[in-house]
Amino acid sequence: MKTHFIAIGGSAMHNLAIALKDKGYLVTGSDDAIFEPSKSRLENKGILPEEMGWFPEKITSDIDAIILGMHAHSDNPELAKAKELGLKIYSYPEFLYEQSKNKTRVVIAGSHGKTTITSMILHVLNFHQKDVDYMVGAQLEGFDCMVKLTQDNDFMVLEGDEYLSSPIDLRSKFLLYQPNIAILSGIAWDHINVFKTFDDYIEQFKKFVASITPGGVLVYNEEDSEVVKVVENAENYFRKIPYKTPEYEISNGKVLLKTEIMGDVPLSIFGAHNLLNLEGARNICHTLGIMDEEFYEAIMSFKGASKRLEKVERKDGAILYKDFAHAPSKVKAVVKAFCEQFKNEKKHTFLELHTYSSLNPEFLEQYNHAMDGPEDAIVFYSEDALKIKRMEAISPELIKEKFKNENLKVFTNAEDLHEYWNSLDKTSGVFLMMSSGNFGGLDLTK
């Protein structure tokens, strides 16, 4: 089968391209910019485009599938040529469904926790040598590629994102998967550039639940009132399995999970939200035939998903964690976990605001009290980023008001932030860095 990727360099797209290459497909692609690690990984597989840009002449009538990434625009010249030739055009999730429509599809959905839950499930299955197809949004220890597609596996585990499928398919990605087994970990308004109101955002999850195949299974977080309302109001038939935060304690800096079967199970992760994620993963694994003893045996060695409370190794021995958190619910959960884990140390907590949602004055109210708890709380956003996005200016005073935290330190210039960072004694206290960016080029390893 011959496939061509329009915008092959994306974090998800390049993994799918590699998976198809490994499956024996003929893979080509284009992009206007490709960064590391995508560039090296594509090059190692022999599918890195020879030059950057869009080339309509690459689109020929013998191509079986065009896979269109979100990075491309609706007026992309290669897309126009594909339409002209009448080629089959797939979004990323649509193509994944085509690859898995004869398998049992397990879809992990929710505003937060889905990458961690997917990672936990795959870690446990891999530990017990249970082979499944999968797609996950973060690099995992022991996995070379974050998409796996085979002819023979019976199951496919999919991280289900509520964001748009492609520039020409404005459905939420997870609406295309039609899960046989699903989990809903939580609902908290996000992506306001697409979902202008909370009701519009909620509607996507209602549609997701309605897309569960008849007689399927939904594992859901019973501690989230919005999730409970969506599940209780669903009209289609499926089996409902609620879950909640399990009992645990912190002893000598170690998290111990309380279980009836194995007693205290030591974990390498921390935070109530991660224990909640763990319980969701356990329930999903149980539906896949993994007994609780097997789950606990495997989960003890789980160290977390990439950029999710990930410890950064530093030469000076500083205790520093980084997290992808930027949406309000994620920030609140991560800060709470950090404060609980390191309650006796001085906590320095940094948050970068740089997404469309996080820089929107109306949405900022969602961050109220998100940075409460740490002794030193810092928020950074770039005034230049606001200009580039053509958004209105935001004052540091407004940030403090919306966060409801007068003690916040607010930086709007990367140089000032770096100067403050360099002034801190890294051998004293603990540090948490939350961003889907890089704090204006700050090197966290030194």
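Biologist: Which helices and strands each supply at least two residues of the lining of the second largest pocket?

Modeller: Keep in mind that this is a predicted model. The pocket in question has a volume of about 670 Å³, and 29 residues line it, with S268, F302, K303, G304 and L309 the closest to its centre. Each supplying at least two lining residues, the elements you want are α5 (114–127), β15 (254–259), β17 (310–311) and β18 (319–323).

Biologist: Between which domains does the second largest pocket lie?

Modeller: Look at who provides the lining. Residues come from 95–300 and also from 310–441, so the pocket sits between the two stretches. Those are domain 2 and domain 3.

Biologist: Let's move to the core. Which residues does M371 touch, leaving out those up to four places away in sequence?

Modeller: In soluble globular proteins, nonpolar side chains tend to be buried together. Here the largest nonpolar core has 122 residues, and M371 is among those that touch the most other members, along with L16, L96, I121, L353, I399 and F403. There is also a second, separate core of 15 residues, including V312, L424, F431 and M433. Back to your question: M371 touches V331, V335, T349, F350, L351, A377, I378, V379, F403, N405, L408 and M434.

Biologist: Now the backbone. Is the peptide bond from E36 to P37 cis or trans?

Modeller: Most residues other than glycine have a negative phi, and most peptide bonds are trans. P37 is found in the loop between β2 (26–30) and α2 (38–44). Omega for the bond from E36 is near 5°, making the bond cis.

Biologist: What is the phi of K404?

Modeller: K404 lies in the loop between α12 (396–403) and β21 (409–411). Its phi is positive although K404 isn't a glycine, with a value near 55°.

Note on methods. Residues numbered from 1 in each chain as written. Predicted model: local features only at pLDDT ≥ 70, side-chain atom pairs only at ≥ 80, totals over all residues. Heavy atoms only, no water. 1 Å grid on protein atoms, 1.4 Å probe; cavity = no way out; pocket = protein on both sides within 12 Å on 5 of 7 lines; lining within 4 Å. Points joined across faces, edges and corners; volume = space filled by probe spheres on them. Helix = DSSP H or I, 4+ residues; strand = E, 2+ residues; numbered from the N terminus. Domains from an automatic or database assignment. Core = buried A, V, L, I, M, F, W, Y, C linked by side-chain atoms within 4.5 Å. Buried < 20%, exposed > 50% of the residue type's maximum accessible area, 1.4 Å probe, protein only. Contact = heavy atoms within 4.5 Å.
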